[in-house]
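Work through the following exercises on the model shown here. Each task is followed by a solution in steps.

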Amino acid sequence: MRFFAPFCIPFIIGTAFLFAALAVKWGSWLYHLPRADKKLIGRNFFTLATPKAIWEVIRESLLHARIWRVNSLLGYMHTSLAFGWFLLILVGWIETTAYVGLRWVPLQGHVFFKYFAASAHLGHKPVFDFLMDLLLLFVLSGVAWAVAKRIVHRFMGMRRTTRHIVWDKLALSVLWFIFPIRLIAESITCAVHGGGGFLTGSIGTWLAGWVPRSTLYALYEPAWWVYSICLGLFFIAMPFSRYMHIFTEIPLIFLRQYKLRSGKKITSYDNFQVEACSRCGICIDPCQIQTDLGVNDIQSTYFLRDRRYHRLELSVLNNCFMCGRCEQVCPVGINLNTLRQNSRDKMRNVPNEKRYEYFTSVPVEKNSAQSKIGYFTGCMTHLTPGMKQAMERIFTATGESVWWADREGGVCCGRPLLLSGETDSARKMIDFNTRLIRESGITTLVTSCAICLKVFRDEYHLTGVELLHHSEYIERLLVKGSLKPARANDESFTYHDPCELGRGCGIYDAPRAVIASVGVLVEPEQTREMSLCCGSSLANTVIDDGQQLRVSRSAVDTLTATGAKTIVTACPLCKKALARGTSHNIRVKDLAEIVAERL
Amino acid sequence: MEVERMKSQKNHTREVVVVGGGVAGMQAAIRLAEQGVRVTLIEKKHELGGHIRSWYHLFPSFTPAQEVYDALHERFASHDIELITSAEATEINPTSVTLADGRVLHTKAVIIATGFEIFDARRKEEYGYGLYDHVYTSADLELLLHEGEAGEGLAGALGFTPRRIALLHCVGSRDEKVCQPHCSKVCCITGVKQAIELKKRFPDAEIFNFYMDIRMFGPGYEEMYREAQQKYNIHFIRGRISEASPTFDGRLQIKAEDTLTGRPLRMSVDMFVLLIGMQAGPNFGLPHADSGFLEPQDLFLGNVVAPAQAGTLGGLFYAGTVSAPKAIGESLNEGIAAADAAAAYIKQK
Amino acid sequence: MRRRHTSNRNSVAAIDWGYGINKARVINADVNDLRMSEAILREMPELQTCIGCGGCTATCTAGALTDFNFRMLHTLVRRGEYEGMYEQLNKCMLCGKCRLVCPRGINTRALVMLLKRKLGDN
């Protein structure tokens, strides 16, 4: 039997185009990968990483497990569309094989099998009719959810959903039509030729009873035409639209399993991450710039969209706290902060060899006491002397001699410059401080600034020097027993996780342990991985002072809802920011302060 | 709750309730009583006077604050004014004032004279108030001057003799960072006055006033500023101090930009006085500016009248710093103005 | 952009602005081209709210180590003096202390970035 009819042409063109586009995209992205990345692929290809990636593809690209965790309604929608469609293809292939045996059938033969089977009077296999109808119903229910989500997104537990570009709208509209039209085409086929399962068969019987046979005949071919055109259009729109994520996520999962990562500079690997974004919009809701400031065009979904289509503006790029809350919920697991940072590097890195030549004349504090422990105050902490004083008291209480790297102020750690994209210049600060720390001969460096810690851990090469946040340092002292603060069983504290410390460095437990040693810790509603940003993040250079204050106030509201009269944090910038947003009867204290005041 | 009744007990309806027993409230109550209006004054503290009781000498004439208060109180005591102390108003309507203990005072009009609160200098952590020794607020200094007068002089009250003193203007004023956008108006002249007081007591000390703008708006103020410069050799440096940190020898190092030379300046001092601003008190749900101070109907003919609110026909009046930072003289004037406006209001009713 | 302003240059004694001290000291408001300055103010009107308290310069780490004076620099830009500005601004470490200090709530870090973008990169 011949598996061709004129109506197949749009589908064939669409499919051919899609495969060509995928080949070009994947090919060039892979080709342009840095040498090191290619080596990683080579090294990891024949390892457990490959089966792991396959399993992850099934779990994420088909079943969408991570979306289920964030929002089960959205999870169902994605599963029904992706897994349902996949099963339609798979079972359809088995069905074809069951009818015609193991032989090569062109793609359109599988896709439009109902048409060809009916035209060739192949007879009926009720089991397959039933299965295929069931799957079609499954997918249709997903389409219904998708339509509902567009109309009333709150209904899906989402406050906001993404606004799309033209290609997306085209692909989306076509996608909505594909399955209802398939239902219609198959039903008409059943009406004309009989057969079909509980869905297409029943509708077919109903149509045969109510619609004149001549009309059914007239609609028969056109229905299949429309179905084919919809599929063709969808496939043509796909590489230009967000639906590219369907195919991009698969190689992304493999590459991720092969340990490829995005970094400070844009690489070809980023393409896989950028185009794997489905613009589902899950990142919009946790964004405080949306919830507190009502700004709706800068969230990660829009950033990735603009980056992908080469229309990224600084006003979008820089309007982000890089707090990382969106990264926590991203169902595709895209490294949103890293991508944003390397976009900033692309747009703002202006290498300048002569920059910061004056560092050579910066007075350096010598470690004349040969202390083994160093303390890096950081720029901001000079404006929160309460923290400095508390650290001094703690050092005194332990009796250990401590070298202060920057008591009178020193060269910045480099994190702020990195965040603004001036990567190469930041390197000069990193080099300066690395030398300073190395030459001091210390073995442990403590900092009370979460911002400094983040860059120390990520960018500094300080092998042999242990880098500790003061929360970790104090926790150790408490465990060792060298600090014995009086515990107040009746005083409750709430804790604000600084973004750079929590999501940035993964330090959640040490500060909590310290608080628990001096009082009762009460957790705010949004905490740990989902804790709020204070609003003063250095990463955001767009919002103004009043907007910072609004974000801070709303973070403070969440914290004070716990009933605690003291907000504890562990970063000078958070402390400053939260203190601004606080009413007078609430104290904002650093971790070190609540310990020091009880010594 | 302590209730003090002055002179005869009144059982009939109060005509005007004055909320706040500072200078503005006292003046308003006196003025009303003089016109035969049955007036009640409520004060949240246990005694009258408000902030003036903490001040030492008043600018620009160095009149002892006590003298002003005593004269005011003498007049107050000579009138038939119902006084309720230790009573904090929680809710204010034109016809009733609810107290924290739940009592409701019915009246025909209310004058709100709840004044201001002193800015908490600890909120400017970078200046180290409450952290380092030798950081004082202007309010602390007034108390120390009192204490010094009663005992062994200011050096005795301080416990040391400062050689170099910095006074910083605009702490908690004109500062978005502590949500205090307004000018507190009186700190500039207070700074000049206190610099002179300090120079008088420590003639050998170098005294520096760090300012952003010097605003000498009142009678005799500019003259006093000039006198501070010429007669007392007070140094004025145009630059806002950004931070203070302790030095190894127990002094404080302050950082500013000397904006007139365009260069950063560091200075070690052994006394650092923060000229703290006025912060708005409770607003009772009434219309207020961003600064928190209550907004009167207008700034001209209705400047002591609360804006007419939906459902009410006035009956709320403002006196003193509740509506904006003011000097004592201005607050006293507003007490009279608000009293007259309230008296006219209840008569016409 | 910078090359256009050759006739009117301000110099501050003892400070190396990247050019000689023989240039005119006068800020010639009749000659200075304010177009760039106005373009900057359009993007960031809050710059105009600076009251010149010098807090930014006081707290500035780069300002303590070099002749970098942020208050003076952006004031000069507002007067139409752009010469040597980019090189000066490159001394800034962008640490953000100045933003924490500014009593007018000016987004000083964004301002440094904006000035550099307008005065240097084109």
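**Exercise 1.** Which domains does the domain assignment of chain B give?

Solution. The model is predicted. In chain B, the assignment gives domain 1 as 16-115 + 281-348, and domain 2 as 121-278. Taken over C-alpha atoms, the centres of domain 1 and domain 2 of chain B are 31 Å apart. Domain 1 of chain B puts 12 residues into the contact, and domain 2 of chain B puts in 20. On the domain 1 side, the residues are six nonpolar, four polar and two charged.

**Exercise 2.** Classify the packing of helix α5 and helix α6 of chain B.

Solution. Start with the geometry: α5 (residues 187-201) and α6 (residues 221-230) of chain B pack at about 40°, and their axes are 10 Å apart.

Next, list the residues. From α5(B) come B:Ile189, B:Val192, B:Lys193, B:Ala195 and B:Ile196; they meet B:Tyr221, B:Met224, B:Tyr225 and B:Ala228 of α6(B). By class, this contact has eight nonpolar residues, no polar ones and one charged.

**Exercise 3.** Describe the contact of chain C with chain B, by residues and elements.

Solution. Chain C contributes 18 residues and chain B contributes 16. On the chain C side, the elements giving two or more residues are α2 (55-59), α3 (61-65) and α4 (70-78). Of these, α2(C) gives the most, with four residues. The chain C side divides into eight nonpolar, eight polar and two charged residues.

How values were computed: Residues are numbered from 1 along each chain as its sequence is written. Chains are lettered from A and ligands numbered from 1 in the order in which they are written. This is a predicted model: local features need pLDDT of at least 70, side-chain atom pairs count only at pLDDT 80 or more; totals for chains, interfaces and linings use all residues. Domain bounds come from an automatic or database domain assignment. Two residues are in contact if their C-beta atoms, placed from the backbone, lie within 7 Å. Ala, Val, Leu, Ile, Met, Phe, Trp, Tyr, Cys and Pro count as nonpolar, Asp, Glu, Lys and Arg as charged, and the others, Gly among them, as polar. Axes are lines fitted to C-alpha atoms, for helices over the stretch in contact, and angles run from 0 to 180 degrees between N-to-C directions.
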